[in-house]
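Subject: Structure for you to look at

Hello,

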Amino acid sequence: MAAPCPEDPSLERHFKGHRDAVTCVDFSLNMKQLASGSMDSCLMVWHMKPQSRAYRFVGHKDAVTCVNFSPSGHLLASGSRDKTVRIWIPNVKGESTVFRAHTATVRSVHFCSDGQSLVTASDDKTVKVWATHRQKFLFSLSQHINWVRCAKFSPDGRLIVSASDDKTVKLWDKASRECVHSYCEHGGFVTYVDFHPSGTCIAAAGMDNTVKVWDVRTHRLLQHYQLHSAAVNALSFHPSGNYLITASSDSTLKILDLMEGRLLYTLHGHQGPATTVAFSRTGEYFASGGSDEQVMVWKSNFDIDCGEVRRAQRPPAVLAGPSGNLPEVEFLLPAGRGRSQESVQSRPREPVSTPQTLTSTLGHIVGQLDVLTQTVSILEQRLSLTEDKLKQCLENQQLIMQGASSPPSREAPRVATHAECTLFNVKEPPGEVCCLGVLRGPGITGACQGIASSHLAFQNSPYRNLSAL
C-alpha cells in the first residue's frame, strides 16, 4: 500500500460572477484560463493570473450547459438550452460561430484530441459529430431512446462513448458509426461518462448515486462505487489515470484511488449541489462548480513526492467486491477560509443511500403531485371565469325582467317620418301617422313604439315586440 501524499487537497481560489447555478467548467491546456457556463445564459472565462479581469461571453439565448477547450486552447466550445453549439475565440472580443442541427437542449460538447472534430449530445436523443474548422455537421448516432446527457471521444479519437436517460452507456465506433456495445448496469439516468486517459476504460456517473468503471475491450465491469448520498452529476480522471474525482448533489466532491479501489477524500466546499468538476490538463489543479453560483479552484497536491501519480498510466484495479464500506479522509472548509482544517480525521464510513425502488417510487409520486397541482390550478381559473359569466347573466336577466314588468309610457310618442319607418322596415301606409322610437337602457324591453292612427294602436301594433337594435 502506497504511502499517502504529504499534503491534502486545498482550496486555492474561488470565482464569483455568475448569477445562477454553474453547470460546467474546463481548463485550457496552458492553465492560463478556466471556462465556466451557467444557467444565467453566460459563459465566463476566468484568468488564473491574479488580478486579471474575467471575460463574460454573451450569445446564447438560454442556459449554458457545457463547455470544452480545444486541445490547443485556441477555441472554446459551448452548448446551450437554446439548442445551439457555439465555437468561441477566448479573447477579449469573444467572437463566436453558431452550429445548428440539434432540435433540443445541447447537453455536452467535446473536442477530439486532434481538434478537427467535435461531438455533441442532446435532449433530441442524438449524438452528433461536426468538422470543427469546416464548421460542418457530419453525422448523427441515433440509438438512444431518451435524452443523451454526455458524449466523449476516446483519447485516440476512434471511439465515442455516450450516456443517456435511457439508463444505458453506449460505445460507438466513429469510422463505422455503429454501436459497439451497450452497458446497462445503471439503475437510473446516466448523467456523465468519460474515458480513462489510457483509453482502455470508461467511468460513468448516475442518478442512482453510483459510479461504475468498465473495460472497453472486454466490456467487463471493473469497479462499482456507491459512496454519495445523492445523484452523481459529473466526474473527471486525473491525467495519471490513478485517481477519479466526482461531484454530487449531496454537495460534496469525492476523490477515489482507482489503483486500490478506495475513497481518499471527501471535500466540502459548495453550499448546495456540486454540479460539475474537472481536472486541469496537468492534474495539478481541479475546478468545481455548484448551484451556489461559485467556481472553486483546488490544488490537488497529488504530485508532491507521490510515487503513485508518476506511474505509467494503467487501467484501474479489478475489485473482488463492491467498494461500499471503504475508509476515507474527510474535511470541511469553514466559511471564509480557503484551506482545509489542519486536523484531518480518518474513519470508516457507512455510505448513506436510498434504495433504488423507493427513490424511483418517490420520484414518480412527486411528478404526479406536480401534475395534480397544475390541474387544480387550471380548474380554479376556469371556475372563476364561469362564476363571473354566470353573475353577469343573472344581472342581465334581472334587467330584462324589470323591463318586462314596467308599465308602458304615457308620454306622447315621438312622431317619425315615413322614411325612418321605411329604414327600419316599418311598413305603414303613407296616409297614416307612424313613428319608430328605438330606446336603450334599463327597463326597456321593446324596441319599437309606434302608432298607426292613435295612441291605442300601439298596443295592437305588430312592431311592438321588435328586438332591441
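Is Ile365 buried, partly exposed or exposed? Ile365 counts as partly exposed because its relative accessibility is 40%; the term covers values between buried, under 20% relative accessible area, and exposed, over 50%, with a 1.4 Å probe and protein chains only.

Before the rest, some notes on the source. This is a predicted model, in which local features need pLDDT of at least 70 and side-chain atom pairs count only at pLDDT 80 or more, while totals for chains, interfaces and linings use all residues. Residues are numbered from 1 along each chain as its sequence is written, and side-chain values use heavy atoms, with hydrogens and water left out.

Surface patch

Ile365 is in helix H1, residues 356-405. Helices (H or I, at least four residues) and strands (E, at least two) are DSSP runs, numbered from the N terminus. Together with Leu358, Leu362, Leu369 and Leu372, Ile365 makes a nonpolar surface patch of about 450 Å². Such a patch takes residues with over 30% relative accessible area and no salt bridge, and joins nonpolar side chains (Val, Leu, Ile, Met, Phe, Trp, Tyr) within 5 Å; like charges are joined within 9 Å. The areas come from the Shrake-Rupley method with a 1.4 Å probe, and for residues only the protein chains shown count as cover.

Strands

An open sheet is formed by 4 strands in the order S2-S3-S4-S5, with antiparallel pairing. Two strands pair if DSSP finds at least two bridges between them. Strand S2 (22-27) and strand S5 (55-58) are at the edges with a single partner strand each, so one side of each has no neighbour in the sheet. S4 (residues 42-47) pairs with S5 over 4 bridges, and Val45 is opposite Tyr55 in S5.

Further along, S16 (residues 169-173) and S17 (residues 178-183) run antiparallel and are joined by 5 bridges. The two form a hairpin with 4 residues between them, and Arg177 in the turn has a positive phi of about 65°. Leu171 is opposite His181 in S17.

Aromatic rings

There are 10 aromatic pairs in the structure. Rings of Phe, Tyr and Trp (its six-membered ring) pair if their centres lie within 6.5 Å; planes under 30 degrees apart are stacked, over 60 edge-to-face, and the rest tilted. Tyr243 and Phe302 are stacked, because their ring centres are 4.4 Å apart and their planes are at 25°. Tyr243 lies in strand S23 (residues 243-248) and Phe302 in the loop between S28 (294-299) and S29 (327-332), so the pair ties together parts that are 59 residues apart in sequence. Tyr243 is buried at 3% relative accessible area, and Phe302 is buried at 2%. Phe279 and Phe302 form a tilted pair, 6.2 Å centre to centre with 55° between the planes. One aromatic cluster holds Tyr243, Phe279, Phe286, Trp298 and Phe302.

Salt bridges

The count is 8 salt bridges, each a side-chain nitrogen of Lys or Arg within 4 Å of a carboxyl oxygen of Asp or Glu. Among them is Arg149 with Asp165, whose closest N and O atoms are 2.7 Å apart. Arg149 is partly exposed at 22%, whereas Asp165 is buried at 5%. Another joins Asp156 and Arg158, with 3.0 Å between the closest N and O atoms. Here Asp156 is partly exposed at 44% and Arg158 is exposed at 59%.

Regards
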